[in-house]
Amino acid sequence: MPGRGPALPAARVDQPHRLPRLADLPRNKTDEELRLVADRGGFVGIYFMPFLNPTGHATAADVVDHIVHAVDVCGEDHVGIGTDGSVTAVDDLDAYRASLAEHVAARQAAGVGAAGERADTYPFVVDLRGVDQFRDLARLLEKRGYRSDRIEKILGRNFLDYAERVWTP
């Protein structure tokens with residue numbers, strides 16, 4: 001209908017690239033918004049980005065806290081990983097920092113910089129990067145008391161199940 005705002009679809013929805021509002025930042029979703037996704041059979045993907053923490057310097061502990069909170073809000077069948085990329089293999093942080101500063105300056109000059117984007121803020125979680133980042137995350141979730149079947153869901157099974165539901169006629 002003309003003049004009405006967007007309505008949530010009755011079909012499944014997903015937020016594959018969002019965070020709970022543990023860090024009160026505009027990109028992060030409220031518990032109510034996350035529950036709506038889960039209630040409609042959707043998927044909430046937690047990403048490894050600076051927005052996990054209001055300082056812009058997220059840690060592996062922040063990732064785990066967001067996963068635990070999302071599972072508490074949405075249930076273990078609706079939460080997984082929604083990171084921007086695959087493995088973040090940055091070994092030389094000093095060289096990367098210099099390159100990042102140039103990149104951020106160019107984005108800002110072009111008018112396409114993201115809100116809150118800063119040259120001192122890595123677009124990944126420093127202590128959760130490299131070829132073992134998902135193994136490390138699994139170990140951290142185990143330390144929080146998560147069972148292996150729940151960890152398997154979070155690390156990929158939930159997204160695969162969601163994709164099969166959505167893409168199967």
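This dialogue walks through a few features of a predicted model.

Q: What is the mean pLDDT of the protein?
A: The mean is 82. Of the residues, 79% reach 70 or more.

Q: Where is confidence lowest, and where is it highest?
A: Strand β1, residues 14-15, is lowest, with a mean of 51. Helix α4, residues 133-143, is highest, at 96.

Q: How should residues 1-9 be read?
A: Start with the general idea. Where pLDDT is low, the predicted coordinates should not be read in detail. Now the case here. Over residues 1-9, pLDDT stays under 50. For that stretch the model has three contacts beyond four places in sequence.

Q: Which residues of helix α1 are buried?
A: The general idea comes from helix geometry. An α-helix has 3.6 residues a turn, so residues three or four places apart point the same way. In α1, residues 31-39, the buried residues are L34, V37 and A38. They lie on the same side of α1, because they cover an arc of only 95° around the axis.

Q: Which exposed residues does the face turned away from the buried side of α1 carry?
A: That face carries E32 and D39.

Q: Which residues make the nonpolar surface patch of about 420 Å²?
A: F159, L160, V166 and W167 make that patch. Take V166 as one of them. V166 is found in helix α5, residues 148-167.

Conventions:
Residues are numbered from 1 along each chain as its sequence is written. This is a predicted model: local features need pLDDT of at least 70, side-chain atom pairs count only at pLDDT 80 or more; totals for chains, interfaces and linings use all residues. Side-chain values use heavy atoms; hydrogens and water are left out. Patches are made of residues with over 30% relative accessible area and no salt bridge: like charges are joined within 9 Å, nonpolar side chains (Val, Leu, Ile, Met, Phe, Trp, Tyr) within 5 Å. Accessible areas come from the Shrake-Rupley method with a 1.4 Å probe; for residues, only the protein chains shown count as cover. A salt bridge is a side-chain nitrogen of Lys or Arg within 4 Å of a carboxyl oxygen of Asp or Glu. Helices (H or I, at least four residues) and strands (E, at least two) are DSSP runs, numbered from the N terminus. Buried means under 20% relative accessible area, exposed over 50%, partly exposed in between (1.4 Å probe, protein chains only). The arc is that of the directions from the helix axis to the C-beta atoms. pLDDT is the predictor's confidence in each residue, from 0 to 100. Contact means heavy atoms within 4.5 Å.
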